[in-house]
Amino acid sequence: MKSILSILLVGAFVVSMPFIFNKSVTVTEPHKLDVDGNFILNEWVPSRDGKGPEWDYNLKPVQVSERVWCFFGALEMPTKENAGNMSNSCYIKGDDQWITWDTGPSYIFAKQAYAAMQKIADMPVKTVIISHEHDDHWLGNNYYKEVHGATIYGTELINENYYGPRHVEGKDYPGMQTRMIKALYQNANRGTVLAPVDEAFDETTKLNISGVNLEYVKVGYAHSEEDWFLYLPDDKVVLAADVVMNGRVTSNRDGIVVGQINAINAIRSREWDYLVPGHGFVTDKTAADESVKYFALLKDRVLEKMEEGVIADYITKEVTLDEFRDKDLYYILSPGNVFRSYEELEMFDEDDLIDYSAENSSDEEDDAEDKEEKEAA
Ligand SMILES: [Zn+2]
């Protein structure tokens, strides 16, 4: 029995070899040292400038519309092997500058993303717009701040909940060790400093930056405590960030189901041809379908079981979302989403769902149908 087990373990190790080792460098003792010869530690150490080569993110921008290019990350949790390249971020081409939507997981990611975009148009990044506070979406901020002098728009929560290194009364204090900073090798992490946002808006704001019309839409507490999406009315593009994902199951650990449904409906109420999710590769008119279905099923099934008297302890046994079993991260994240929604939905009030079709007339077909229904009623 033991020998079978050890053969299986050896087999599993061999299969996982390509994922364990940094693909771009040779590390002689991978279990002990990273590429700079540093021990890999999960607690805080002062950041060191290693001499080894930078992590190569191997970034290839994909053009989504006339003005929009995006980088698509893996459908995984942040790990040493993907170096945090597991979310989507975009570049919008202005007349004389690039505008970035989310900045990725590290300084080096942002630097390499810019190098790829500079080949398309040699313009600086003067504006950075951030979707929400999760660190896979904004740790590239300090690259754009330091190198390009960009103005960073984003949620105030980044400034409230995170802090970079500080020098107070002659003493140095480290910056916060976020999930990402703990997960990455130093040759992916180095240079990354938590950079605050320069300007936060209270409400949805229309902007014209370098000839591009943008609507920065606040959807509030949805996937995180404060989410925003970006709408380009002239391009008919929505940059949805994490209120929409496809190909993988979402993490609702910081989110609420009702907020998610409202956020997706706010997106659906606008007229668009392309939607870039926060995670996932589908960008056509079906891009939001999985998220629409996931949250609708999650809400309905949990409410149904609550009515039947199922208590919180058993809810993850009673409610599964089998339709999503073949999606990435299903087994890791879906039970947590179900469990978390139980607490929220105990307070569920139908009135918390916003009827965007009544408020916004851009989705003509739906609206016409709704009006007919209302008139008939
Ligand atoms: Zn997120």
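**Zinc site, cores and sheets in a predicted model**

Author: Histidine 132 and aspartate 242 are both buried. The model is a predicted one.

Reader: Which residues are the protein donors of the zinc ion, and how far from it do they lie?

Author: The donors are His132 through NE2, His134 through ND1, His223 through NE2 and Asp242 through OD, at 2.1 to 2.2 Å. Distant parts of the chain are linked by histidine 132, in the loop between strand E5 (125–129) and helix H3 (141–148), and aspartate 242, in strand E12 (residues 237–245); the two are 110 residues apart.

Reader: Why is the arrangement of the four donor atoms called irregular?

Author: Tetrahedral would require all angles to lie between 85 and 135 degrees. The angles here are 86 to 178°, and the arrangement is therefore irregular.

Reader: Which residues touch the most other members of the largest nonpolar core?

Author: They are Ile267, Leu275 and Val302, in a core of 40 residues. At least two residues of this core come from each of strand E10 (212–220), strand E11 (227–232), E12, helix H7 (257–268), helix H8 (289–307) and helix H10 (330–345). Another core, of 38 residues, lies apart from it and includes Leu59, Tyr91, Ile108 and Ile181.

Reader: With which residues is valine 302 in contact, leaving aside its neighbours within four places in sequence?

Author: Valine 302 is in contact with Ile315, Val319, Val338, Ser341, Tyr342 and Leu345.

Reader: What makes E9 and E13 the edge strands of their sheet?

Author: The sheet is open and has five strands in the order E9-E10-E11-E12-E13, with mixed pairing. Strand E9 (205–209) and strand E13 (274–279) each pair on one side only, and they are its edge strands. On average, neighbouring strands of this sheet are turned by 25° against each other, direction ignored.

Reader: How do you know that E11 and E12 are paired?

Author: Pairing needs at least two bridges. Three bridges join E11 to E12, and these strands run antiparallel. Helix H7 lies across E10, E11, E12 and E13, at about 165° to E12.

Reader: Why is one side of E1 and of E6 left without a neighbour in the sheet?

Author: Six strands form this open sheet, in the order E1-E2-E3-E4-E5-E6, with mixed pairing. Strand E1 (62–63) and strand E6 (151–153) stand at the edges and have a single partner strand each, so one side of each has no neighbour in the sheet. Four bridges join strand E2 (residues 68–71) to strand E3 (residues 89–93), which run antiparallel.

Reader: Why is alanine 83 classed as it is for accessibility, and why lysine 236?

Author: Alanine 83 has 1% relative accessibility, which is under 20%, and therefore counts as buried. Lysine 236 has a relative accessible area of 26%, which lies between 20% and 50%, and so is partly exposed.

Terms used:
Residues are numbered from 1 along each chain as its sequence is written. This is a predicted model: local features need pLDDT of at least 70, side-chain atom pairs count only at pLDDT 80 or more; totals for chains, interfaces and linings use all residues. Side-chain values use heavy atoms; hydrogens and water are left out. Donors are N, O and S atoms within 2.8 Å of the metal (3.2 Å for Na, K and Ca); water is not among the atoms, so sites may look incomplete. Four donors count as tetrahedral if all angles lie between 85 and 135 degrees; four count as square planar and six as octahedral if opposite donors are over 155 degrees apart and all others between 65 and 115; anything else is irregular. Buried means under 20% relative accessible area, exposed over 50%, partly exposed in between (1.4 Å probe, protein chains only). A nonpolar core is a set of buried Ala, Val, Leu, Ile, Met, Phe, Trp, Tyr and Cys residues joined through side-chain atoms within 4.5 Å. Contact means heavy atoms within 4.5 Å. Axes are lines fitted to C-alpha atoms, for helices over the stretch in contact, and angles run from 0 to 180 degrees between N-to-C directions.
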